[in-house]
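Please consult the sequence and the structure shown below while reading.

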Amino acid sequence: MENIETQAAPSRGRRVALTVAMCLGIALVMLDTTIMNIALPAMQRGLGVGLDRLSWALNVYTIIVATCTIPLSRLADIYGRGRLFVVGLLLFGAGSMVAGLAPGFGVLIAGRVVSGLGASVLLPVANTLGISAWDVRDRVKVVAALGLTQGGAAALGPTVGGIVTDRLSWNWIFLVNVPIVVIALVLSLCALDLKGEKRIQAHIDWLGSVVSMAGLFAVTFGLIESKDWGMADPRVWLCLGSGVVAVVPFVLVERHVASPMVDLRLFGFRQFSAASLVALVAQFFYIGVLVILPTFFTAVQGKSELNAAMILLPMSLTVFAFGGLGGLAVGKLGPRLLVLTGLFAVLASYVLLTVVDPSSVTAMALAALVLGVGFGIIAGPINVLAASSLQGELLTASQSVISVVRQIGSVLGVSVFVSMTTRDITALSTHTVQAMTGAYIGVYRIWIPVLALCLLLALLFPGKREYLRELSV
């Protein structure tokens, strides 16, 4: 049996400070996943590199986060979540500083690697520390804050990126992280009991870590390269197949090792499995809009980065608002109705994107705003739905797995939507504004029937009565 050190419950003031620090850690990671997209043209000019090479500043970050999140979150259990969170902040801050001051492409990539390692720790550990600091009955409000931060920061990325790039320079999309890191560090050191925090006396599951990292790397790399190779390329399917095949040895290792990296009992909880699936779906369709529309506004309609960002600003604010409301409403409406409402709003946004006038700023902003409503409603409570009433190692595992699922959803969304759009643009006989608009917007029409079927995923969640009964146990 594994031994767990105990510690006295922190005061309410320290728990609030801790929650704020965790929100800042989450904001850093999520902002960094979307802030860079809109600054790519300016970075291209500043660094003198092609877009194919520069895209690896995004790719390497995504690959590291997807690959290292589960192993590093397990280290947080063993060596202390607070300690690892502080290390994650220091890594993220150092990586942001290096990337922001990079004189060339190589140094930029090095900074992104270090930032990716920091992000691999911050997202799962911040969610775990924030949730576990409070009783199960108090988690709704905490998760509202964490979910609001997670969805809202990602949504604000393009807007912040557009403003910073337009007013300052592309370097500041990384340097803006540094003061946030400092504030989070100060709050963490004041609120965390680093000497007396809980730690699990267990060995590191090196074999499980290697197998999981190899499988996740293969899947993520294949999805990223699919937009250049094409989804039909054998290399893509070789990567995806390798990732799927890696599941078998991983399960065998985790079932027999004394201290598994991921406790497979986690997947015996229906609500966790359902939350993981919905998190993947929501992230996929959200990123599908977030990655395509800014390019459509700038490349096809000739708008500036700042104007493109401002069109998406209502969506960003809506994700913030409904992320918080969704977390608070989960106990009022129940998970089933809440998830159904969120998925229906995502479906409605895709329908709007295909029927409104693409040249109308108001209409496109409205369609994006509806997406923000749907994604916010889901993103807010999804972590607490995944956590349910879990404690200890299972709670940490639930948050690390959910974080990886979100990353895979993002990578999958970028790869699929960019590949489909590129294919449709390449197939055009003439590249007029009307034809290009059809290629960009037509991508969303294909997914409407799929989204309609996804509404059935809400049935996997309990209704209000069952959910409240589970909380009271």
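A cavity is a set of grid points where a 1.4 Å probe fits but cannot get out, and its lining residues have an atom within 4 Å of a point. The model under discussion is predicted.

- The structure contains 1 cavity of 30 Å³ or more, and the volume of the largest cavity is about 30 Å³.
- The lining of the largest cavity is formed by A279, A282, Q283, F375, I378, A379, I382 and R406.
- The greatest share of the lining comes from α16, which contributes 4 residues.
- Sorted by class, the lining comprises 6 nonpolar, 1 polar and 1 charged residues.

**Helix α13 against helix α18**

- On the α13 side, the contact is made by G288, V289, I292, L293, T295, F296, A299 and V300.
- On the α18 side, the contact is made by V433, M436, T437, Y440, I441 and Y444.
- The residues of this contact divide into 11 nonpolar and 3 polar, with no charged residues.

**Helix α13 against helix α15**

- The crossing of α13 with α15 is left-handed.
- Helix α13 contributes V278, V281, F285, G288, V289 and L293 to the contact, while α15 contributes V339, L343, V346, Y350 and L353.
- This contact has 10 nonpolar residues, 1 polar residue and no charged residues.
- G288, V289 and L293 of α13 take part in the contact with α18 and also in the contact with α15.

**Helix α5 against helix α9**

- Helix α5 (residues 81–100) and helix α9 (residues 177–191) pack at an angle of about 165°, with a distance of 9 Å between their axes.
- By the cut-off of 145 degrees, α5 and α9 are therefore roughly antiparallel to each other.
- The two helices, α5 and α9, cross in a left-handed sense.
- From α5, the contact includes F85, V86, L89, L90, F92, G93, S96 and M97.
- From α9, the contact includes N177, V178, V181, A184, L185, S188 and L189.
- The contact of α5 with α9 consists of 11 nonpolar and 4 polar residues, and no charged residues.

How values were computed. Residues numbered from 1 in each chain as written. Predicted model: local features only at pLDDT ≥ 70, side-chain atom pairs only at ≥ 80, totals over all residues. Heavy atoms only, no water. Contact = heavy atoms within 4.5 Å. Nonpolar A, V, L, I, M, F, W, Y, C, P; charged D, E, K, R; others polar. 1 Å grid on protein atoms, 1.4 Å probe; cavity = no way out; pocket = protein on both sides within 12 Å on 5 of 7 lines; lining within 4 Å. Points joined across faces, edges and corners; volume = space filled by probe spheres on them. Axes fitted to C-alpha atoms, helices over the stretch in contact; angles between N-to-C directions. Parallel < 35°, antiparallel > 145°, perpendicular 65-115°, else oblique. Left-handed = near helix turned anticlockwise from the far one by under 90°.
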